[in-house]
Amino acid sequence: MSSLIDMAQDHHQPLILQSSPRLPYKDSSDCGDEIVPCSLSHDPVSSSPTPADDNQRLVSLDVFRGLTIALMILVDDAGGAFPSINHAPWFGVTLADFVMPFFLFGVGVSISLVFKKLSNKPNATQKVLLRGIKLFLLGLILQGGYFHGRNHLMYGVDVGKIRWLGVLQRISIAYLLASLSEIWFVKNIRVESPAAFIRKYYTQGLFSILLCSVYMVLLYGLYVPNWAFAASHLNSSGYASKFQAVHCEVRGSLEPPCNSVGLIDRVILGENHLYQHPVYRRTKECSVNSPDYGPRPPNSPGWCLAPFDPEGILSSLMAAITCFLGLHYGHIVVHFKGQRQKILLWSLFSFPLIIMGFILEVIGIPFSKPLYTLSYTCLTAGASGLCLTVIYYIVDVKCIRKPTLLLQWMGMNALIIYALAACELFPAAVQGRWHGSLTAGHTTFKKMGYLSVCDA
């Protein structure tokens with residue numbers, strides 16, 4: 001989201017120094033088989049940056065964001081035709097379920113690079129708050145109900161039914177939490193050893209553990225009572241609403257109707273301000289075509305029509321943890337300049353996260369994007385880190401950049417492409433322009449008398 005969140009990145013003098021001498025700068029096209037920066041010579045001993053390399057952009061991060069945008073467009077356009085790559089109905093993980101964590105992970109890496117040199121904390125805090133508010137408001141405009149999609153050429157929103165949370169709102173929340181922690185919770189000490197690295201980010205790590213703990217306590221400890229919602233149904237006089245009761249009276253349930261994530265959103269936001277077409281309408285209980293949308297089976301539960309926001313308050317709190325994990329990967333970029341070191345450390349963190357995700361799933365914490373469970377967080381964050389590691393090796397180590405130029409461009413313009421593609425602004429604008437042209441042409445010809453017979 002480069003236009004609101006400053007994604008400008010540049011390397012700086014490493015705090016964990018390498019013993020090898022600096023080498024003169026060479027053109028980035030001089031890439032060899034050794035793992036050395038693209039702008040350095042082929043001396044395999046060197047791993048320290050040159051002054052020119054200090055200002056080099058981390059191209060692999062742009063490509064990673066571009067890949068995320070491309071993946072988002074793919075699953076949005078093809079998910080309806082191929083339900084297997086669409087979001088999992090409730091439990092499980094599909095290709096589409098990696099898009100949001102990839103976004104959040106990339107934001108975390110970017111934050112660590114943006115704030116690696118911080119001189120004025122109050123000024124930085126003011127900028128972070130302003131950017132976060134702008135991103136939240138943009139998400140409110142794009143996903144709050146103002147734009148009605150390509151099939152509706154009118155705009156406007158019913159304030160009584162505006163959707164307060166969405167994709168960009170979730171990213172803005174994670175960005176604010178991660179950025180403020182990077183500004184205020186990181187100690188101003190020089191990192192010259194692994195112990196110093198831990199001391200520098202110790203408080204920030206405790207804060208992320210606190211957020212995760214609050215999520216887990218509320219998810220499994222909050223009591224969910226019975227509740228009801230207004231369900232629309234079609235009768236002889238049109239659409240009418242009636243209240244549908246949902247029986248819960250449970251604690252720690254992760255099922256669609258009785259989880260704490262939905263409870264908190266209903267109490268704080270109100271059911272009219274939640275997403276009205278939740279993904280669990282594609283579950284076996286709610287669709288005969290599961291995992292795709294379809295008619296409700298006989299005797300389907302009433303909660304199939306209940307609203308639920310996949311970017312709700314509690315789940316967004318846990319989603320911020322993915323951003324914090326991205327921060328950690330970015331810290332490795334800042335403090336470890338050897339490319340072998342980065343690849344090794346990123347891999348050492350990525351594989352255990354993936355394994356931990358499967359272990360948590362086995363012991364009873366299922367993968368669930370709507371709830372953003374801990375197992376889902378570990379699996380997707382580990383996959384994000386592993387994907388970034390592979391891209392880093394290809395793009396920034398081996399300098400294979402021509403095949404990824406399009407992805408790099410998409411990553412540098414992620415917010416614009418998201419707004420145009422995912423929110424259907426571009427097709428809606430084209431359709432609206434075409435419709436407007438036809439209407440204008442119809443009016444002109446009618447005034448000229450050419451359409452009078454046809455109109456009659």
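Me: Is Y372 buried or exposed in this predicted model?
Reply: The model is predicted, and its local features need pLDDT of at least 70. Y372 sits in the loop between α10 and α11. The cut-off for burial is under 20% relative accessible area. Y372 has a relative accessible area of 0%, so Y372 is buried.

Me: What is the phi of Y372?
Reply: Most residues other than glycine have a negative phi. Y372 is not a glycine, yet its phi is positive. The value for Y372 is about 50°.

Me: Is N299 buried or exposed?
Reply: N299 is placed in the loop between α8 and α9. Its phi is positive, near 60°, in a residue other than glycine. Exposed means over 50% relative accessible area. N299 has 81% relative accessibility, so N299 counts as exposed.

Me: Which residues does the cis peptide bond with omega of about 15° join?
Reply: Most peptide bonds are trans. With omega about 15°, the bond joins S290 and P291.

Me: How far apart are the end C-alpha atoms of α9?
Reply: α9 covers residues 313–335. Its 23 residues should span 33 Å at 1.5 Å a residue. The span in the model agrees with that, because the end C-alpha atoms of α9 are apart by 34 Å.

Me: How many of the 23 residues of α9 are buried?
Reply: Across the protein, buried residues make up 50% of the 456 residues. α9 itself is mostly covered. Of its 23 residues, the buried ones number 19.

Me: Which residues are in contact with S179, leaving aside neighbours within four places in sequence?
Reply: S179 lies in helix α5, residues 167–184. S179 counts as buried because its relative accessible area is 0%. Beyond its sequence neighbours, S179 is in contact with I111, F115 and V128.

Me: Which helices do the buried residues of α10 pack against?
Reply: α10 has 24 residues and reaches 35 Å between its first and last C-alpha, close to the expected 34 Å. Its buried residues include W346, S350, L353 and G357. The buried residues of α10 pack against α9 and α11.

Me: How far apart in space are S350 and S384, C-alpha to C-alpha?
Reply: S350 lies in helix α10 and counts as buried, because its relative accessibility is 0%. Among the residues it touches are Y329, G382 and G385. S350 and S384 are 34 residues apart in sequence, but in space their C-alpha atoms are apart by 7.9 Å.

Me: What is the phi of G364?
Reply: G364 follows α10. The phi of this glycine is positive. Its value is near 120°.

Me: Which helix supplies the largest share of the lining of the second largest pocket?
Reply: This pocket has a volume of about 670 Å³. G205, S208, F324, L325 and H328 are the closest to its centre among 26 lining residues. α6, α7, α9, α10 and α11 each supply at least two lining residues. The largest share, 9 residues, comes from α9.

Me: How many residues of the lining of the second largest pocket are charged?
Reply: The nonpolar residues of this lining number 20. Another 6 are polar. The count of charged residues is none.

Key: Residues are numbered from 1 along each chain as its sequence is written. This is a predicted model: local features need pLDDT of at least 70, side-chain atom pairs count only at pLDDT 80 or more; totals for chains, interfaces and linings use all residues. Side-chain values use heavy atoms; hydrogens and water are left out. On a 1 Å grid over the protein atoms alone, a cavity is a set of points where a 1.4 Å probe fits but cannot get out, and a pocket is an open set with protein on both sides within 12 Å along at least five of seven lines; lining residues have an atom within 4 Å of a point. Grid points are joined across faces, edges and corners, and a volume is the space filled by probe spheres set on the points. Helices (H or I, at least four residues) and strands (E, at least two) are DSSP runs, numbered from the N terminus. Ala, Val, Leu, Ile, Met, Phe, Trp, Tyr, Cys and Pro count as nonpolar, Asp, Glu, Lys and Arg as charged, and the others, Gly among them, as polar. Buried means under 20% relative accessible area, exposed over 50%, partly exposed in between (1.4 Å probe, protein chains only). Contact means heavy atoms within 4.5 Å. The expected span of a helix is 1.5 Å times one less than its number of residues.
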